[in-house]
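Subject: Handover of a structure and notes on it

Dear colleague,

Please find the structure below, together with its sequence.

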Amino acid sequence: HDTRPGYPEEVFDILQQRCGLRPGARTFEIGAGTGLSTRRLLELGSRPLVAIEPDERLAEFLTRTLVPTAPSLEIRVAAFEHINLPVEWFDLGTSASAFHWLEEMNSLHKIARSLREGGWWAMWWNLLLDGSRTDEFDQATRMLFKDLGRSPSRGSGNGSFALDSETRIANLAAVKAFEKIQSDSFSWTALYDTAGIQRLYSTFSSISRLKEDQRQQLLDDLGEIAEKQFGGQVEIRITTPMYTAQRARYASR
């Protein structure tokens with residue numbers, strides 16, 4: 001939570017201007033994690049907000065840090081596939097950097113059933129280690145990751161799940177319950193010192209699941225490159241793709 005960058009404000013501008021996020025918007029969030037987007041949804045008026053998080057540790061963090069000041073926040077500790085949500089009730093459904101972990105088509109059908117007619121679905125990602133980056137630090141360190149396991153964020157082909165806009169849009173359309181399907185993308189940069197870049201990379205699933213000695217060696221190698229080649233100041237480029245779709249008012253059920 002302290003290390004991962006938040007989401008660009010353009011995401012939340014779209015949620016407000018296009019997707020009906022306003023005070024009293026009934027919202028669910030899939031894969032709330034540590035609440036990087038949950039906090040902003042609450043600030044902008046999501047009420048109630050149902051945060052779905054399958055990891056008990058993350059759910060406990062959300063409960064401890066958000067619930068005391070956000071009584072309208074309900075945390076469900078379960079995978080989205082196993083959760084029961086009201087039918088045709090929510091104004092907005094969201095997922096930030098999490099939807100690639102789900103079975104896509106079944107989840108999209110369930111999302112459509114949970115949204116009222118005219119409600120909106122939005123999903124977005126901060127892309128950090130999926131092969132899409134072109135900054136100098138990524139180029140200087142790419143060889144360190146060639147043997148790491150594949151993350152679901154890489155999609156089924158060679159590219160990024162989140163950047164495969166043709167497939168994401170086609171699958172939303174295939175549900176036959178969405179209209180006004182649209183994709184947007186934002187590119188921005190974040191600056192880290194050596195310790196910060198090591199903490200950031202340690203949060204990536206392909207690194208965190210390594211054996212302790214392998215993980216530490218990789219992080220040490222990253223730190224050495226950050227210090228020797230970048231003077232301890234690393235600027236990384238982040239792409240944030242976003243997809244939005246409105247629940248059709250006369251969608252087939």
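Predicted model: local features only at pLDDT ≥ 70, side-chain atom pairs only at ≥ 80, totals over all residues.

**Salt bridges**

Side chains of opposite charge can pair when their charged atoms come close. Searching the whole structure gives 13 salt bridges. Some of them are described here.

R133 and D135 are joined by a salt bridge between their side chains, with an N to O distance of 2.7 Å. These two residues, R133 and D135, are both buried.

A second salt bridge links the side chains of R142 and D138, at 2.3 Å from N to O. D138, in contrast, counts as buried because its relative accessibility is 7%, the cut-off for buried being under 20%.

E224 is partly exposed, at a relative accessible area of 40%. K228 reaches 66% relative accessibility and therefore counts as exposed, since the cut-off for exposed is over 50%.

Salt bridges may also be linked to one another. E9, R40 and E43 form such a network.

Where is K110 found? It is part of helix α4, residues 104–114. K110 is buried but has no salt bridge, and E81, the nearest side chain of opposite charge, is 7.0 Å away. A salt bridge requires the atoms to be within 4 Å, so E81 does not qualify as a partner. The side chain of K110 does reach a backbone oxygen, that of I83, at 2.4 Å. Apart from its neighbours within four places in sequence, K110 contacts F80, E81, H82 and I83.

E53 sits in the loop between β2 and α3 (56–65). E53 is likewise buried and without a salt bridge; R57 is the nearest side chain of opposite charge, at 7.9 Å. A polar atom of the E53 side chain lies 3.4 Å from the backbone nitrogen of A32. With neighbours within four places in sequence set aside, the contacts of E53 include G31, A32, G33, L58 and R76.

**Helix α1**

Helix α1 covers residues 9–17, and within it V11, F12, I14 and L15 are buried. Which part of the helix do the buried residues line? Viewed down the axis of α1, they fall within an arc of 155°, so they line one face of the helix. Among the elements that cover these buried residues are α2 (38–43), β4 (90–96) and β7 (233–247).

**Strand β1**

In a regular strand the side chains alternate between the two faces of the sheet. Strand β1, residues 27–30, is covered on both faces. T27 and E29 are buried on one side, and F28 and I30 are buried on the other. β1 pairs with strand β2 (residues 49–52) in the parallel sense, over four bridges. In that pairing, A51 of β2 is the bridge partner of E29.

Yours sincerely,

A colleague

Methods
Residues numbered from 1 in each chain as written. Heavy atoms only, no water. Buried < 20%, exposed > 50% of the residue type's maximum accessible area, 1.4 Å probe, protein only. Helix = DSSP H or I, 4+ residues; strand = E, 2+ residues; numbered from the N terminus. Arc of directions from axis to C-beta. Contact = heavy atoms within 4.5 Å. Lys, Arg positive; Asp, Glu negative; His and termini not counted. Polar contact = N/O pair within 3.5 Å; in protein donor to acceptor, adjacent residues only side chain to side chain. Pairing = 2+ DSSP bridges.
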